[in-house]
Amino acid sequence: IKKIGEKLNRYPRLRDEVERICHHYVRECEVKAKDHITLCVNLELSYMNTNHPDFIGFATAQAGGKKDKKSSSNVGNQVIRKGWITTTSIGYLCGRPKEYWFVLTADTLAWYRDEKEEDQKYLLRLENLKLKEVEAGFISLGKKFSFAIFNPSAKNLFKEYKQLDLSCETEDDIESWKAAFLRAGVYPDKGNQDDDGTMSSDMGAMDPMMERQVETIRNLVDSYIGIVSKTIKDQVPKSIMFLLVYQLKDFISTE
């Protein structure tokens, strides 16, 4: 509008009148654009389309045990952490520990020969498992920071092994892995808490199944919010261009 007004500087009264009329029309168009954008938001709030092709859960995401394996891996078995860990439980009889590439999800812990994830050594279910501290130096062979995963029911964890001993190079790596296991529902054993009480008893009392369900719901909500955000970001500039810019352009050229 300012640029249009500059062309009418020789006629100040005409310029002021044109600017007044244009500004008034812009305000009218602005109201229409805002109403349309509000309508778009209300449309998104009115119905949650779980059949949207970009929604990770689709309509059957939470259908009990009838979920297919792909839906389960996309929703409830999200990858939480990957990385190298040294384990001595597997190679203990051979007299030396070995480093494997571990992949932790919300339901399982798998380890591979390398990061290509082609040669899987084992897949461990995390249900009802616990985490405990391990004496440094006993199994770590130079690895200062260690912990172990075990089944509190005294059953074998996998094959003939009662627990899976894991160690890392740095304390930061260990703490990061412990936090990842907490997210997966593997909590510290109550009888293995530190004397200073750093491991919360409330954390150990939480239900792992409930935690996995919460994680599933969080993933579903994040997925759908992403769809809504993408839709609104796409519609807002289009609404402004059509209901404000193009309308003003047509108004100026016709009037």
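Leaving aside residues up to four places away in sequence, Cys22 touches Ile1, Leu248 and Ile252, where a contact means heavy atoms within 4.5 Å. This is a predicted model: local features need pLDDT of at least 70 and side-chain atom pairs count only at pLDDT 80 or more, while totals for chains, interfaces and linings use all residues. Residues are numbered from 1 along each chain as its sequence is written, and side-chain values use heavy atoms, with hydrogens and water left out.

**The whole chain**

- The chain has six helices and eight strands; these are DSSP runs numbered from the N terminus, with helices (H or I) of at least four residues and strands (E) of at least two.
- Reading from the N terminus, you get α-α-α-β-β-β-β-β-β-β-α-β-α-α.
- Of the 255 residues in the chain, 35% are buried (buried is under 20% relative accessible area, exposed is over 50%, and partly exposed is in between, using a 1.4 Å probe and protein chains only).
- Take the contacts in the chain with a separation of 6 or more: 52% of them come from residues 24 or more positions apart.

- You'll find Cys22 in helix H2 (residues 12-46).
- Cys22 is buried, at a relative accessible area of 6%.
- Cys22 and Phe251 sit 229 residues apart in sequence, yet their C-alpha atoms are 8.4 Å apart in space.

**Salt bridges**

- Searching the whole structure turns up nine salt bridges; each is a side-chain nitrogen of Lys or Arg within 4 Å of a carboxyl oxygen of Asp or Glu.
- One of them links Arg15 to Asp16, with 3.3 Å between the closest N and O atoms. Arg15 is partly exposed at 22% relative accessible area, and Asp16 is partly exposed at 40%.
- Another joins the side chains of Glu117 and Lys82 (3.1 Å, N to O). Glu117 is in the loop between strand S3 (108-112) and strand S4 (120-125) and Lys82 is in strand S1 (residues 79-87), so this pair ties together parts that are 35 residues apart in sequence.
- Glu117 is partly exposed, with a relative accessible area of 26%, and Lys82 is partly exposed too, at 39%.
- Asp234 makes a salt bridge with Lys238, their closest N and O atoms being 3.1 Å apart. The two are four residues apart in helix H6 (residues 208-254), so about one helical turn separates them.
- Asp234 counts as partly exposed at 36% relative accessibility, and so does Lys238 at 47%.
- There's also a network: salt bridges with shared partners join Arg113, Asp114, Asp119 and Lys121.

**The sheet**

- Eight strands form an open sheet in the order S4-S3-S2-S1-S7-S6-S5-S8, with mixed pairing; two strands pair if DSSP finds at least two bridges between them.
- S4 and strand S8 (187-188) are the edge strands, each pairing on one side only.
- Strand S5 (residues 130-133) runs parallel to S8 in their pairing, over two bridges, and Leu131 stands opposite Pro188 in S8.
- Helix H4 (residues 171-183) packs on the sheet, where the strands it touches are S1, strand S2 (98-105), S3, S5, strand S6 (145-150), strand S7 (163-168) and S8.
- The direction of H4 makes about 135° with that of S1; axes are lines fitted to C-alpha atoms, for helices over the stretch in contact, and angles run from 0 to 180 degrees between N-to-C directions.
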